[in-house]
Amino acid sequence: MIKRSLLCLGLMALPGSASAESNPAAKPAPQQNRTAVSPGTLEAAISAPRVQIALLLDTSSSMDGLIEQTKRQLWTVVNAFAKAQRDGQQARLEIALYEYGNDTLSAESGYIRQVVPLTTDLDRVSEQLFALKTNGGSEFCGQAIQKATQQLEWSKSKKDLKLIYIAGNEPFTQGPVAFRTAISSAKEHNIRVNTIHCGPPEVGSNSGWAEAARFAGGQPFNIDQNQAVAMIAAPQDEEIAKLGVELNKTYLSYGRSGAESKRRQEAQDVNASGNAVSATTRAMSKASRLYDNSSWDLVDGTKQGKVKLEALKEEELPDELRGKSAEERKVVIEGKEKERSELQARIQKLSQERQQYLTGKQKEQAAEGKNTLDKAILDSVQTQAKAQSFTLE
């Protein structure tokens with residue numbers, strides 16, 4: 001029964017997956033590409049240990065700083081899981097995004113919206129995160145947790161790491177769903193809830209945020225949502241960022257969604273470029289195994305056995321492959337794969353040198369970043385991953 005459930009999840013939560021919440025008509029999405037999943041690839045997707053993280057962000061009027069911190073540190077959080085594994089098997093990272101407490105959302109929904117379902121499509125998460133806007137609102141934490149628990153395709157395995165991070169600043173007791181009821185349901189699904197109160201610790205303690213985390217078996221944090229994220233530049237940053245942009249040239253989009261996904265990739269480079277360190281950490285993510293675009297890129301797709309080149313129509317191919325023989329197409333794809341591997345290797349080498357440089361500034365980095373969203377997440381996952389027998393290094 002568990003394996004069958006995981007099979008469904010493996011098919012639904014591949015890059016670019018979406019739930020009925022993101023499709024108001026609740027109709028099945030049309031098949032975008034003629035993909036063929038090999039038995040070995042499918043079995044790996046089923047058996048791979050999972051790290052599933054749902055971010056529930058308060059987008060009421062006072063939370064612009066919270067959204068900004070999340071934008072700037074998304075790729076830093078992703079990179080923390082680049083080497084995640086359990087029992088020697090590499091873990092799969094899935095991220096979901098919710099917003100709550102925004103007056104532009106319907107009262108019937110509890111002013112809560114699923115922005116992105118659990119997915120490995122990290123560019124989509126970034127795109128939607130940068131599109132968030134704050135506006136007024138009523139913040140119902142218990143109901144937000146309940147929706148995330150009920151709507152997302154959580155793993156059925158008790159061994160997988162399943163985390164909810166809810167961040168905001170209003171009393172945790174507001175709304176029609178008691179937080180203890182919502183958290184009890186999450187605990188039944190082996191989901192650990194962590195609370196991030198945006199404000200002074202004493203306020204978080206007095207308004208239910210700390211109590212909720214303790215009840216959930218998670219960790220309570222207090223941050224200053226308006227504090228600038230600590231960004232320590234390194235000599236390797238500029239070159240890493242440039243190589244990250246060069247990687248885009250190695251992607252060959254296919255199918256009806258391919259061109260759109262490639263544009264999304266480029267747009268998220270632009271979004272990250274607003275801060276030098278963000279651009280660097282994004283490039284590092286793009287050079288890692290977690291950056292999987294097999295749903296729209298022929299290099300990733302054919303390498304993983306998720307698409308058969310011969311099954312695609314001419315109009316579904318990128319310009320670089322149209323009018324070419326099967327053998328010529330294969331040569332182009334192999335060339336792009338080789339070029340990408342070389343670029344990723346260069347980024348990874350520079351990243352190691354960068355980390356050595358930053359190690360000498362760890363105390364300064366820790367002091368400057370002690371009160372921000374990313375620090376809360378990174379601190380807690382170390383403890384909670386270990387409790388589930390995951391290693392991150």
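## Helix H8 and the residue after it

Gly217, which comes just after H8, takes a positive phi of about 75°. The model is a predicted one, and H8 itself spans residues 209–216.

Which residues of helix H8 are buried? They are Trp209, Ala210, Ala212, Ala213 and Ala216. Around the axis they cover an arc of only 160°, so they lie on the same side of H8. An α-helix has 3.6 residues a turn, so residues three or four places apart point the same way.

## Packing of H5 and H6

Two packed helices are described by the angle between their axes and the distance between the axes. For helix H5 (residues 141–151) and helix H6 (residues 179–188), the axes come within 8 Å and cross at roughly 20°. Angles under 35 degrees count as roughly parallel, and H5 and H6 are therefore roughly parallel to each other. The crossing in which H5 passes H6 is left-handed.

On the H5 side, the contact is made by Gly142, Ile145, Gln146 and Thr149. H6 contributes Phe179, Ala182, Ile183, Ser185 and Ala186. Of the residues in this contact, 5 are nonpolar, 4 are polar and none is charged.

## Glu246 in H9

Helix H9 (residues 237–247) contains Glu246. Is Glu246 buried, partly exposed or exposed? Its relative accessibility is 31%, so Glu246 counts as partly exposed.

Glu246 and Glu339 are 93 residues apart in sequence. In space, their C-alpha atoms are 9.9 Å apart.

Methods:
Residues numbered from 1 in each chain as written. Predicted model: local features only at pLDDT ≥ 70, side-chain atom pairs only at ≥ 80, totals over all residues. Heavy atoms only, no water. Axes fitted to C-alpha atoms, helices over the stretch in contact; angles between N-to-C directions. Helix = DSSP H or I, 4+ residues; strand = E, 2+ residues; numbered from the N terminus. Parallel < 35°, antiparallel > 145°, perpendicular 65-115°, else oblique. Left-handed = near helix turned anticlockwise from the far one by under 90°. Contact = heavy atoms within 4.5 Å. Nonpolar A, V, L, I, M, F, W, Y, C, P; charged D, E, K, R; others polar. Buried < 20%, exposed > 50% of the residue type's maximum accessible area, 1.4 Å probe, protein only. Arc of directions from axis to C-beta.
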